[in-house]
Structure formats: structure tokens, C-alpha cells
Amino acid sequence: MRRVRFYEYGGPEVLRVEEAEEPTAGPGELLVRTEAIGVTLPSVRKVRGEGGGTPLPGILGGEVAGEVVALGPGVTDFAVGDRVTSLTFTGSYTELAVAPAVMASRLPDGASAVRAVALVRGGQVALAALATARTAPAESVLITGAASGVGHLAVQLARIQGVQRIVAAVSSPAKADFLRAQGADEVVLYDSENWGEPVDVVLDGVGGDLLPRAVAALAPGGRMVFFGSGGGTVSAFDLLAGAKTITGLTMERFSTTQRELYDRHGELLWELALSGRLRPAVHAEIPLAEVARAHEIIEARANRGKVVLIP
């Protein structure tokens with residue numbers, strides 16, 4: 001089978017497509033023949049060695065959709081032949097991925113793998129962020145990385161939940177029309193001096209140098225949910241003076257500590273998508289052999305929606 005590894009840190013050019021032995025599913029795991037693989041900003045940052053780096057040779061976890069071809073010991077909720085989507089932690093850029101059964105969910109009849117990858121992880125993160133922030137309809141929300149796979153769904157879901165004012169923060173004015181079509185009331189650029197009136201909630205998936213600006217965009221008493229991989233530093237005094245709070249969110253913890261809510265979110269996402277109320281956008285479908293091109297799109301912040309690899 002083919003898989004992607006990197007043996008040094010760097011840009012897309014360090015990614016290598018190589019032949020490898022087929023993995024086996026361990027206890028509580030599924031072996032999935034991938035039909036679609038999601039590309040995310042955290043994966044791009046891991047290749048760069050950011051955030052402390054990942055041990056070399058590097059593998060990239062993430063999200064996959066495809067057909068179950070083998071079950072590990074103890075798995076009883078799935079069968080060979082099921083089509084599923086799942087988060088993976090031991091490698092997703094591959095033709096055969098090992099996925100924890102607890103993180104997997106079946107695809108509805110007729111649902112495409114590409115649509116599933118564009119919908120499920122991004123939608124789960126967006127719903128978890130909104131739930132963690134306890135966003136109320138009368139409030140205002142600012143979403144960074146708003147044109148990303150997570151961000152554009154967060155804009156749509158905030159609109160579906162009736163949020164009064166939705167502000168989309170992006171890197172380029174070329175994304176403005178796309179985001180207004182998703183439901184954003186306002187679009188602001190990262191380098192703009194003024195991001196408009198303060199907001200009650202910020203959902204931040206970018207971090208880094210943008211994090212202090214995102215905190216500054218909060219009204220007194222405002223809440224931020226931070227789910228990005230970019231790190232960043234915030235002055236404790238800024239939080240104290242404005243009575244502001246920041247809550248970190250990881251899907252691994254959310255899905256295990258709030259399992260019932262995670263499962264309800266999964267059902268809701270498909271219900272909204274199949275009814276046409278939620279529209280996951282796919283920016284590009286790229287062959288696995290051209291993985292470097294997929295990372296180039298993410299690095300350039302050029303995507304409007306999800307970038308998907310096709311094995």
C-alpha cells in the first residue's frame with residue numbers, strides 16, 4: 001500500500017509517498033480502506049516542526065472516510081463492509097488506515113466519502129466550540145480561519161443556531177463573498193486596524209500572533225474557545241481587566257468526556273447536511289500522490305472549504 005511520511009521538517013517538499021506493509025487493526029480498532037482523507041492546518045504545522053514537532057519519521061493523523069476491511073479484537077459495533085468516517089491518530093495519509101472504533105461513525109446510505117470528510121470532523125469541532133462557548137442567539141460571534149474546513153461550517157452552524165451577528169476573520173479579501181454566502185454578516189481581515197464592534201464570543205482556530213488580537217476583539221465578559229494548533233501568548237492582565245475567559249478545546253478529550261453530546265452532534269450534522277441546511281464546501285480533491293500540492297494550498301491560506309486527498 002502507499003502512505004505518506006516525512007523524514008525532516010520543512011514545507012510540502014519534504015512529504016514522501018512510499019510503499020509500506022499493510023497495517024493490522026489492534027484491540028478496539030478498525031482497518032479502513034480510505035476513499036477520502038482530510039487535510040488540515042495542524043497537519044501542515046506538524047510537517048513544519050511547529051509546536052515542538054512530531055517524532056521523525058513523521059506521520060500525519062487526521063480524518064478519513066472509507067470501507068472497513070478488518071476488525072480488531074473486541075470490536076462489535078461495526079462489520080466488514082461498513083462505510084465509515086473516523087478520526088485517526090496513527091496515520092491518515094495512507095491507502096489503509098487504522099482508526100479507533102470509538103471515533104468512527106457510519107456513513108448514511110448514498111453519502112460520499114468526500115462529503116463525509118468535509119462534514120464530520122469540521123462540523124464536530126465547530127459544534128463543540130459553539131457548545132463550549134455556550135453561545136446564545138442574542139450574542140455575537142467572531143470566527144478566525146473562517147474560510148477553513150472548520151471555520152466555514154462554524155459560520156453556517158452559528159447562523160442555523162440563530163446567532164445575531166457573525167463576524168468572519170480571514171487573511172484575504174478574496175474570501176469575503178464566499179463567507180457571506182455561508183452566512184457571515186461581516187468579514188474582517190487579519191491585518192485590518194479595526195475589527196468592528198467587540199463580540200461576545202470568539203472561536204479561534206488560528207492562534208499564534210493572531211491570538212492577542214482575538215482576545216482584544218472580545219467585549220467585557222466575553223469568552224473565547226481556542227482550538228487551534230498555532231499556540232500564542234495572552235497577557236493575564238488583559239483577561240483580568242476585561243473579565244474575559246479562554247477555554248481550550250481538543251476533540252480527543254471532548255469526544256471521550258462528553259460522548260453523548262459528541263454522538264448527538266454527529267447525528268445532527270448528517271441531519272442538517274442531508275436536508276440541505278448545512279453545506280460543507282470542498283475546495284479541492286487531490287490525488288494522494290500529489291500530497292505536496294494539497295499542503296501548498298493550506299500553507300498559502302488559499303482554501304475556501306475543505307482540501308481532500310483521494311488515494
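Predicted model: local features only at pLDDT ≥ 70, side-chain atom pairs only at ≥ 80, totals over all residues.
Arginine 165 counts as buried, at 16% relative accessibility.

**Salt bridge of arginine 165 and glutamate 186**

- The side chain of arginine 165 meets that of glutamate 186 in a salt bridge, with an N to O distance of 2.7 Å.
- Arginine 165 lies in strand β9 (residues 165-170) and glutamate 186 in strand β10, so the bridge ties together parts that are 21 residues apart in sequence.
- Arginine 165 falls under the 20% cut-off for buried residues, because its relative accessibility is 16%.
- Glutamate 186, with a relative accessible area of 27%, is partly exposed.

**Salt bridge of arginine 159 and aspartate 185**

- Arginine 159 and aspartate 185 also meet through their side chains in a salt bridge, at 2.7 Å from N to O.
- This pair ties together parts that are 26 residues apart in sequence, since arginine 159 lies in helix α3 (residues 151-160) and aspartate 185 in the loop between α4 (176-182) and β10 (186-189).
- Arginine 159 is partly exposed at 30% relative accessibility, and aspartate 185 is partly exposed at 39%.

**Salt bridge of glutamate 95 and arginine 2**

- A salt bridge joins the side chains of glutamate 95 and arginine 2, with 3.0 Å from N to O.
- The two residues are 93 residues apart and link distant parts of the chain: arginine 2 is in strand β1 (residues 2-6), and glutamate 95 is in the loop between β5 (83-88) and β6 (96-100).
- Glutamate 95 has a relative accessible area of 23% and is partly exposed; arginine 2 is likewise partly exposed, with a value of 23%.

- The buried residues of α8 are Leu261, Tyr262, His265, Gly266, Leu269, Trp270, Leu272 and Ala273.
- These buried residues pack against β7 (104-106), α2 (113-133), α3 and α7 (251-257).
- Glycine 276 follows α8 and has a positive phi, near 90 degrees.

**Packing of α2 against α8**

- The axes of α2 and α8 are 9 Å apart, and the two helices pack at an angle of about 125 degrees.
- α2 and α8 are therefore oblique to each other, and their crossing is right-handed.
- On the α2 side, the contacting residues are Arg115, Ala116, Leu119, Val120, Gly123, Gln124, Leu127, Ala128 and Ala131.
- On the α8 side, they are Leu261, Tyr262, His265, Gly266, Leu268, Leu269, Trp270, Ala273 and Leu274.

**Packing of α2 against α3**

- α2 and α3 cross at roughly 55 degrees, and their axes come within 9 Å.
- The two helices, α2 and α3, are therefore oblique to each other, and α2 passes α3 in a right-handed crossing.
- From α2, the residues Ala118, Leu119, Gly122, Gly123, Ala126, Leu127 and Leu130 meet Leu153, Ala154, Leu157 and Ala158 of α3.
- Leu119, Gly123 and Leu127 of α2 are among the residues that meet α3, and they are also among those that meet α8.

**Packing of α1 against α9**

- Helix α1 (residues 41-48) packs against helix α9 (residues 291-299) at an angle of about 105 degrees, with 10 Å between the axes.
- α1 and α9 are therefore roughly perpendicular to each other.
- Leu41, Ser43, Val44, Val47 and Arg48 of α1 make contact with His295, Ile298 and Glu299 of α9.

**Surroundings of valine 170**

- Valine 170 is found in strand β9, the strand that also holds arginine 165.
- Valine 170 has a relative accessible area of 1% and is buried.
- Not counting residues up to four places away in sequence, valine 170 touches Ala146, Ala147, Lys175, Leu179, Val187, Val188, Leu189 and Tyr190.
- Isoleucine 143 is 27 residues from valine 170 along the chain, and the C-alpha atoms of the two are separated by 8.7 Å.

Notes
Residues numbered from 1 in each chain as written. Heavy atoms only, no water. Salt bridge = Lys/Arg side-chain N within 4 Å of Asp/Glu carboxyl O. Helix = DSSP H or I, 4+ residues; strand = E, 2+ residues; numbered from the N terminus. Buried < 20%, exposed > 50% of the residue type's maximum accessible area, 1.4 Å probe, protein only. Contact = heavy atoms within 4.5 Å. Axes fitted to C-alpha atoms, helices over the stretch in contact; angles between N-to-C directions. Parallel < 35°, antiparallel > 145°, perpendicular 65-115°, else oblique. Left-handed = near helix turned anticlockwise from the far one by under 90°.
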